[in-house]
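Student: I am new to this structure and would like to go through it step by step. Could we begin with the terms and then move on to the chain itself?

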Amino acid sequence: MSRRARIINPPQDLKRRALSATKGLNLELTPQELAKIETAVHKSKDKFVSQVAEKLKALRTTHHDVEKNPDLVGAYLAQLRDESLAVKGLAGTFGFHLITTMATSLNDYVLKRSEAGAKQLIVIRLHIDMLYVLLSRAQQPHGGMRAETEGELLASFKILTAKYT
C-alpha cells in the first residue's frame, strides 16, 4: 500500500502572540525600554558580585576544612565543579570575561578529578584567591589590569594547572 506523506503545519498562535506588539513582545525597543533593561542589568551586576563573593567565602571555608580532613575531598570537588560552573556562566553573562576565564580554569581543573592531594589543593586555593581578587576589581575594565598582565596571569595559571594535574 502506498501512503502519501502528509505535511502538518504547526499552529502559529504562539509565534503570533510572541511577536505581536499588542499582546506580546515588541522587537523594536524604545529608548525608555532600553534604559529600563540597562538599569535592571546594572542592578543585577551588583547582586552577582555579592552572590559570587558569598560562594567564594563558602569555598574558602570548605577548603580550610578539607585541608584538615582529607576525607572531605570528594564532596569538595563536587561542590567546586558546581560553583565554578555557575560563576563561569554568570560572569560571562555580565561581561566579566576575566572572571569567566579563571572560573573556567578552575572548572577544567576539577572536572574529572576524584582525588586531590596537597599540591592540587594549593592550585585550587590559588584559583579561589584569584577569583576573589578579580571580583574585587570587577567594575574596572579588564579587572584593572593591562592586557599584557592579564595574558601573563592566564598563561601562569595554565602552566600551573598543567604541572599539577
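Tutor: A contact means heavy atoms within 4.5 Å. This is a predicted model, in which local features need pLDDT of at least 70 and side-chain atom pairs count only at pLDDT 80 or more, while totals for chains, interfaces and linings use all residues. Residues are numbered from 1 along each chain as its sequence is written, and side-chain values use heavy atoms, with hydrogens and water left out.

Student: Among contacts between residues at least 6 apart in sequence, what percentage join residues at least 24 apart?
Tutor: The elements of the protein run α-α-α-α-α-α from the N terminus on, which comes to six helices and zero strands; helices (H or I, at least four residues) and strands (E, at least two) are DSSP runs, numbered from the N terminus. Among the contacts between residues at least 6 apart in sequence, the share joining residues at least 24 apart is 67%.

Student: What percentage of the 165 residues count as buried?
Tutor: Buried means under 20% relative accessible area, exposed over 50%, and partly exposed in between, with a 1.4 Å probe and protein chains only. By that definition, the buried part of the 165 residues is 28%.

Student: Which residue pairs with K55 in a salt bridge?
Tutor: Side chains of opposite charge can pair when their charged atoms come close. A salt bridge is a side-chain nitrogen of Lys or Arg within 4 Å of a carboxyl oxygen of Asp or Glu, and a search of the whole structure finds five salt bridges. In one of them K55 lies in helix α2 and its partner in helix α3 (residues 73-93), so the pair ties together parts that are 28 residues apart in sequence. The closest N and O atoms are 3.0 Å apart, and the partner of K55 is E83.

Student: Is E67 buried or partly exposed?
Tutor: The relative accessible area of E67 is 41%, so this residue falls in the middle class. E67 is therefore partly exposed.

Student: How far from R113 is the nearest side chain of opposite charge?
Tutor: R113 is found in the loop between α4 (97-110) and α5, and a polar atom of its side chain lies 3.2 Å from the backbone oxygen of Y109. Not counting residues up to four places away in sequence, R113 touches L77, R81, Q120, Y164 and T165. Lys and Arg count as positive and Asp and Glu as negative, while His and the chain ends are not counted. R113 is buried yet has no salt bridge, and the distance to the nearest side chain of opposite charge, E115, is 9.0 Å.

Technical notes
Polar contact = N/O pair within 3.5 Å; in protein donor to acceptor, adjacent residues only side chain to side chain.
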